[in-house]
Each structure stands twice: as structure tokens, then as C-alpha cells.
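Hello,

Please find the structure below.

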Amino acid sequence: MEKINEALIKFTSISKLYSNRPKLNPENEATLGMIQIAINNYQIKIQQLLKEKQEISSNIKLARQTYRDWET
């Protein structure tokens, strides 16, 4: 997850550089569009990973509780 966050930060930084330019040529506009798509994809991936982490954590807690109940 750390690598995904690093990539997101880098893409966001590059996006800001392009966005702060007064005018972009067509190639730079296309590049900025692709960078923004990458940013959105990374944000979606982060949300998916956080959801998966939460589900795994819940499953572990449930398994621990079930094991404790089974032991007694």
C-alpha cells in the first residue's frame, strides 16, 4: 500500500505541474488526461485495499472469538 501511496503522490505532483501551466499543447493535454486517469485508478485501488483490509480484520476478529467460544 505504501508504494501505491507514493505513486499517487508523484502523479498528483506531476498533475499540479501541468495544471499550473497557463496553456497546454495538445500532447500535454493528453498527458495530463492520462495522469488524471492514473490518479483516479490509484485512488480506487487504495479504497479497494482498505476495504479488503477491513474485511480481513473483521474475519480475524470473528475467527478469534469463535475459537475462544469453542475452547470454553
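Predicted model: local features only at pLDDT ≥ 70, side-chain atom pairs only at ≥ 80, totals over all residues.

Residues are numbered from 1 along each chain as its sequence is written, and side-chain values use heavy atoms, with hydrogens and water left out.

A pair of aromatic rings is described by the distance of the centres and the angle of the planes. Rings of Phe, Tyr and Trp (its six-membered ring) pair if their centres lie within 6.5 Å; planes under 30 degrees apart are stacked, over 60 edge-to-face, and the rest tilted. By this rule there are two aromatic pairs.

In one, the ring centres of Phe-11 and Tyr-42 are 5.6 Å apart and the planes are at 35°, so the pair is tilted. Phe-11 lies in helix H1 (residues 2-19) and Tyr-42 in helix H2 (residues 26-71), so the pair ties together parts 31 residues apart in sequence. Helices here are DSSP runs (H or I, at least four residues), numbered from the N terminus. Phe-11 is partly exposed, at 26% relative accessible area, and Tyr-42 is partly exposed at 26%.

Tyr-67 and Trp-70 form a tilted pair, 6.1 Å centre to centre with 35° between the planes. Both lie in helix H2, three residues apart, about one turn of the helix. Tyr-67 is partly exposed at 48%, and Trp-70 is exposed at 66%. The cut-offs are buried under 20% relative accessible area, exposed over 50%, and partly exposed in between (1.4 Å probe, protein chains only).

The charged end of Arg-21 sits over the ring of Tyr-18, 4.6 Å from its centre. This requires NZ of Lys or CZ of Arg within 6 Å of the ring centre and within 35 degrees of the ring normal.

Regards

Conventions
Helix = DSSP H or I, 4+ residues; strand = E, 2+ residues; numbered from the N terminus.
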